[in-house]
Amino acid sequence: MANTSTNMRLRLPITCIVLEVILIILFGVAVEYDHDAGGQDLHKNHSHDPHDHVYENSFYYRYPSFQDVHVMIFIGFGFLMTFLQRYGFSSVGFNFLIAAFSLQWATLMQGFLHSLETGGKIHVGVDSMINADFCTGAVLISFGALLGKTSPVQMLTMAIFEVALFAVNEFILLNVLHAKDAGGSMTIHTFGAYFGLMVTRVLYRPNLDKSDHKKTSVYHSDIFAMIGTLYLWMFWPSFNSAITEYGDAQHRTALNTYFSLAACTLSTYAFSALVNSEGKLDMVHIQNAALAGGVALGTAGEMMITPFGSMIVGFSAGAISVLGYKYLTPFLESKLKIQDTCGIHNLHGMPGILGAVVGAITSFAATKEHYGDGLKDVFPKVMSGTPVSTQAGMQALSLLVTLGIALLGGLIVGFILKLPIYGSPSDSQCFEDDVYWEIPKEEDGCQEMAAVKAVEEAEKLNG
Amino acid sequence: MANTSTNMRLRLPITCIVLEVILIILFGVAVEYDHDAGGQDLHKNHSHDPHDHVYENSFYYRYPSFQDVHVMIFIGFGFLMTFLQRYGFSSVGFNFLIAAFSLQWATLMQGFLHSLETGGKIHVGVDSMINADFCTGAVLISFGALLGKTSPVQMLTMAIFEVALFAVNEFILLNVLHAKDAGGSMTIHTFGAYFGLMVTRVLYRPNLDKSDHKKTSVYHSDIFAMIGTLYLWMFWPSFNSAITEYGDAQHRTALNTYFSLAACTLSTYAFSALVNSEGKLDMVHIQNAALAGGVALGTAGEMMITPFGSMIVGFSAGAISVLGYKYLTPFLESKLKIQDTCGIHNLHGMPGILGAVVGAITSFAATKEHYGDGLKDVFPKVMSGTPVSTQAGMQALSLLVTLGIALLGGLIVGFILKLPIYGSPSDSQCFEDDVYWEIPKEEDGCQEMAAVKAVEEAEKLNG
Amino acid sequence: MANTSTNMRLRLPITCIVLEVILIILFGVAVEYDHDAGGQDLHKNHSHDPHDHVYENSFYYRYPSFQDVHVMIFIGFGFLMTFLQRYGFSSVGFNFLIAAFSLQWATLMQGFLHSLETGGKIHVGVDSMINADFCTGAVLISFGALLGKTSPVQMLTMAIFEVALFAVNEFILLNVLHAKDAGGSMTIHTFGAYFGLMVTRVLYRPNLDKSDHKKTSVYHSDIFAMIGTLYLWMFWPSFNSAITEYGDAQHRTALNTYFSLAACTLSTYAFSALVNSEGKLDMVHIQNAALAGGVALGTAGEMMITPFGSMIVGFSAGAISVLGYKYLTPFLESKLKIQDTCGIHNLHGMPGILGAVVGAITSFAATKEHYGDGLKDVFPKVMSGTPVSTQAGMQALSLLVTLGIALLGGLIVGFILKLPIYGSPSDSQCFEDDVYWEIPKEEDGCQEMAAVKAVEEAEKLNG
């Protein structure tokens, strides 16, 4: 049956080429440089231009943050998923492919919705680069739930829909409800997690235990995964602060996230040892739960939550995440039929909801006294008269909207991805690079040498 | 015969120490801090100095880009070459050594030529650091063609000559022909590739098949190599924009490169699957061809090529590169006797030429209308009256000059490197770290354990 | 005996949770955002505030450097120590834990001492983040001497004391003696090294040879370690310049460090080949000694030492460090009973002292002529009338103070760490992850496959 073949010889090239050609055409029609990136506007009215000082170009405020975010998307997510012993090529490689597609498509979708408000063409610059990488992050979170069980064409198809839904949800939250979510506790983490969990629920494989023995790590693969973890951890302050207002708001967001993550790391180690019968640490917890402190400050990071508040949030997020890995993930799999390969529910789902709630509470406590004139940067609506209770309500409503769009969207997209046309692997082929990649034949000559030794030893024994 | 010994006990120390002592003396004689790095000039005429605002120090415009470029040189190039199963120490380690030498020597050579124009001493600062790293990049590209077949002393010798030739070629292109090439499609990629290809041609080894079994990757080494790939990919926007004019030109270059690479990645995956009989992806293509989009925008990146144009260029570059790996590299080796270990012709050679051509065409289309006053940043000659056809002609001429100097220089240097004094490895010693490195004895105790198991099993069978 | 158990089930959670709760309470009581990070101050007196220009926010001068330093602490130190074949989880993982604790605790200790001078609360911002990371660096250096021989609870205990002593020493040097030490040759490297060496002396294990076979690297682990090396090497210019005055002082520091490291790399390769009987390079030297050039410029980096002077210092540091690994480390272990796992004496101890001496000499040569008005940035005391001989004397005195506090502190803390309550490993359990971590069962199926092959071969032979 052609439908059950995993051969990508035509499927993948056709998908990639068709998608890229469409992208190129749409970029040709609809995209132009933004004010700080294109030559003509910038220099036209030189003397009256507020940007006539070159050091005010947004590039110098945003680009270092962008590069940190970029590393998180490609190295961070990519290597975090290399923990699987026979799925390293796919983890890094499909992460790379999906991200390269998603960032282009996200530029268009986010830009299109934004241009509805501003009119005119889609403008690209360092801001759009960061926003596109953010949207890509959500897709990669969903990919984490499905890791090892899907084909690249299936994941590209998911990305087409997820990016569009992400952009719509983000637009509703930020432009309609005027919620704050600079680091994406809701738009990125909650959305990506619950969308992915619903998709994996629809794609449930009752006989996945056939490949259980490959769904584990080996010593070296866990160290590769730590590269991903550490880059995510180190650069999360840049992630949460990448798109805030300039100045103290950006500064404060990085600072809050830094303290939250540090506190989260201590609680992760504490709970990882506590839930193990021998008191041994589990790499899965360290690789993932230590990051929950960044997720949980995605909304409140730019607010005056104080280092004190940030550390409480981070500490709680680490604890919730470890407990989720230990007790909730097995429950979700056995009872709710949710097979969540990377445990995104523990790293992005619950901490994302926590972050949304913390953001709503913190916004409720916003006062002119605490923020000074900075209030207009963080809560422009409150500055112009909206009561903080309304702001907090909109934050809470944003969480509900996000969950609704993610779950409903995931349901529909899940069924689309169930079609037998994507060349997805059979149950016994899951978590195995060999299905989609040319794999080098020998492993350090180890087996060969072992066989040689075996012959020698056997010969000796046989005299 | 002493000449065929690979022993580095005296050769390497003497080479390194003599070179470093010469470098130190030359630095002592000829180098001083540039205006933004040295204290005295900076503060002398404080009130009238245009740099009296500390935020106008070039450090803050260039240093983040420099660090990204630095990562590409040491981690990017270094790890990209770790794909070989028994040559990881040499790949990372010789890359490190050659780069550390080249950047010092390039600082002198580039600074010397530049000082011919300005008079006075060689000035060093963040600009010279970036330029020196760029020159180092060209040497490392050439190293890629020779990987596994040369001694470290041989590579240092090559670097001495290649850096000098690079500086001359760069000077002709930028200061005589007034060509634009901020990201180095010509000066770095085309030059480094064709120089290295000619050297490897001269050093042709007819019996290299003796070490063919070591010229392959293993599972883990391919994942190490992906670290190199991803850092090159992520930071290429910084590479191409590191030395452009400040402001919108720098901003636009990063943006164009970002889109070019994204499009290139999709075409790389498409063509990699297409050219494989089972539709399986090949790590060699992913590791290399996905980067061709950065190479191909090295000249036009700062121009108003638009994201649309950038994506077309990136898409084409990825396709050309994969097809080169599949069909051209075997041809070059069997017919033209060019043994190109890393396939630099596919990653740097052809995409570099493509980039030069794209740059010439794009410069031909430059108008005051498109660039506004920014025209003086990108095409100062055109701004001051030179017709665009002349600029485009100079761009095209620059490609020819580059090819000429690279090929002729490579020919001569190749013969210099053929002398039997460098301790280069025999054919059967190629692609093997053991020749130049102390290698740890056991591989995870695997063989040992295998032998133990073998004994146990054999004993059981013998009852 | 409970005391000899290595079980962390209660020890580690209690330690982590108690420490984090104390940290959170102290942060709640004593910490507030600094001027550039908190909203209210910043915007209060907008019109008269020198920081009313957003681009003057310290975030934009410091944050890229901070991120580089952050990478050095978590990836650099973490991966540098993964060279041990069975201790990769602990190297990266305990590095992560200790650092996450230390940076919080250092923020409090450094801030507390600083607030003694300024009055008021502890202020946090990008400056405090960098300083806290610096202090963490010293703790991780000490950890390097003890690597493989201690429990995580023991290391957290050490960090509690070492951070406090670090802060006191730093305060004496910078605020009492008014010494200059922006990159921490004394405060970080000398202090961390001699503190750690004294602790490991007190914790001497006469029977450590029981685990000698695990105190070695394997092929892949050495490549992992090179990731750490290269990130430390590449970002050291950012480390040394992270906390200097803005502008030319910061620029110059990065530049000097860059040249010092390049020269150091060549001398490292030279001496590594020279001291090996077959002229083969030793990964231990490359991984460590090539970094000594950064350590040795930690004090003088911001001074007008010139690239020439920097290269001489770097070259010397590399030579000293390699010779230390080859000849001094075995002597220290056999004669002085100092078991220094990572050889921190060679990488941080001797080069740190060298750096302090170079700093004293360079400061003695400071003149208004060389520094211009920049003198007030580098030597504010000299600018206001203190003779350079006094400044140089204070630099020398600072080294003695640092050595005194480090050695005495290490002695006392060593005895505290000798208490049998930390669950430290037995001699035969050293350098083994299995003591504190859940370890994946199989190694790439290698042993299993070997056994299968053994059976097949044995069966054949038994025909």
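**Interfaces and aromatic rings in a predicted model**

Me: In this predicted model, how many residues of chain B and of chain A does the contact take?
Reply: Contact here means heavy atoms within 4.5 Å. By that rule, the contact takes 82 residues from chain B and 84 residues from chain A.

Me: What area is buried between chain B and chain A, and what share do carbon and sulfur atoms give?
Reply: The size of an interface is often given as the accessible area lost when the parts come together. Between chain B and chain A, carbon and sulfur atoms give 72% of that area. The total buried is about 7,200 Å².

Me: Which residues in chain B lose the most area to chain A?
Reply: Three residues lead on the chain B side. Together they make up 12% of what that side buries. They are Tyr219(B), His251(B) and Tyr258(B).

Me: Which residues form the salt bridge between chain B and chain A?
Reply: The count between these two chains is one salt bridge.

Me: Which side chains meet in a salt bridge between chain C and chain B?
Reply: Here too the count is one salt bridge. The N to O distance is 3.6 Å. The side chains are those of Asp434(B) and Lys280(C).

Me: How many residues of chain C and of chain B are in contact, and what area is buried between them?
Reply: 82 residues of chain C touch 85 residues of chain B. Carbon and sulfur atoms give 72% of the buried area. That area is about 7,200 Å².

Me: What rotation axis relates chain B and chain A?
Reply: Chain B can be laid on chain A by a turn of 120 degrees, with a shift of 0.0 Å along the axis. The RMSD is 0.0 Å. The two copies are therefore related as by a three-fold rotation axis.

Me: What percentage of the contact residues of chain B recur in chain A?
Reply: The copies use different surfaces. The recurring share of the chain B contact residues is 17%.

Me: How many aromatic pairs does the structure hold, and what is the geometry of Phe74(B) and Phe96(B)?
Reply: Over all chains there are 81 aromatic pairs. In the pair of Phe74(B) and Phe96(B), the centres are 6.0 Å apart and the planes make 85 degrees. Angles over 60 degrees take one label, so this pair is edge-to-face.

Me: Which helices does the pair of Phe74(B) and Phe96(B) link?
Reply: The two residues are 22 apart, and the pair links distant parts of the chain. Phe74(B) is buried at 1% relative accessible area, and Phe96(B) is buried at 0%. The helices are α3 (residues 59-80) and α4 (residues 88-118) of chain B.

Me: Is the pair of Phe134(B) and Phe239(B) stacked, tilted or edge-to-face?
Reply: The centres are 4.4 Å apart and the planes make 35 degrees. Stacked needs under 30 degrees and edge-to-face over 60. The angle falls between those limits, so the pair is tilted.

Me: Which helices of chain B hold Phe134(B) and Phe239(B)?
Reply: The residues are 105 apart. Phe134(B) is buried with a relative accessible area of 3%, and Phe239(B) is buried at 3%. Phe134(B) is in helix α5 (residues 126-146), Phe239(B) in helix α8 (residues 219-241).

Me: The charged end of which residue sits over the ring of Tyr219(A)?
Reply: The distance to the ring centre is 4.5 Å, within the 6 Å limit. The residue is Arg86(C).

Me: Is Phe431(A), with its positive phi, buried or exposed?
Reply: Phe431(A) has a phi of about 60 degrees although it is not a glycine. Phe431(A) lies in the loop between α17 (388-417) and α18 (446-461) of chain A. Its relative accessibility is 0%, under the 20% cut-off, so Phe431(A) counts as buried.

Technical notes: Residues numbered from 1 in each chain as written. Chains lettered and ligands numbered in written order. Predicted model: local features only at pLDDT ≥ 70, side-chain atom pairs only at ≥ 80, totals over all residues. Heavy atoms only, no water. Phe/Tyr/Trp six-rings, centres within 6.5 Å; stacked < 30°, edge-to-face > 60°. Helix = DSSP H or I, 4+ residues; strand = E, 2+ residues; numbered from the N terminus. Buried < 20%, exposed > 50% of the residue type's maximum accessible area, 1.4 Å probe, protein only. Lys NZ or Arg CZ within 6 Å of the ring centre and 35° of its normal. Least-squares fit on C-alpha atoms with pLDDT ≥ 70 in both. Buried area = accessible area lost by both parts, 1.4 Å probe. Salt bridge = Lys/Arg side-chain N within 4 Å of Asp/Glu carboxyl O.
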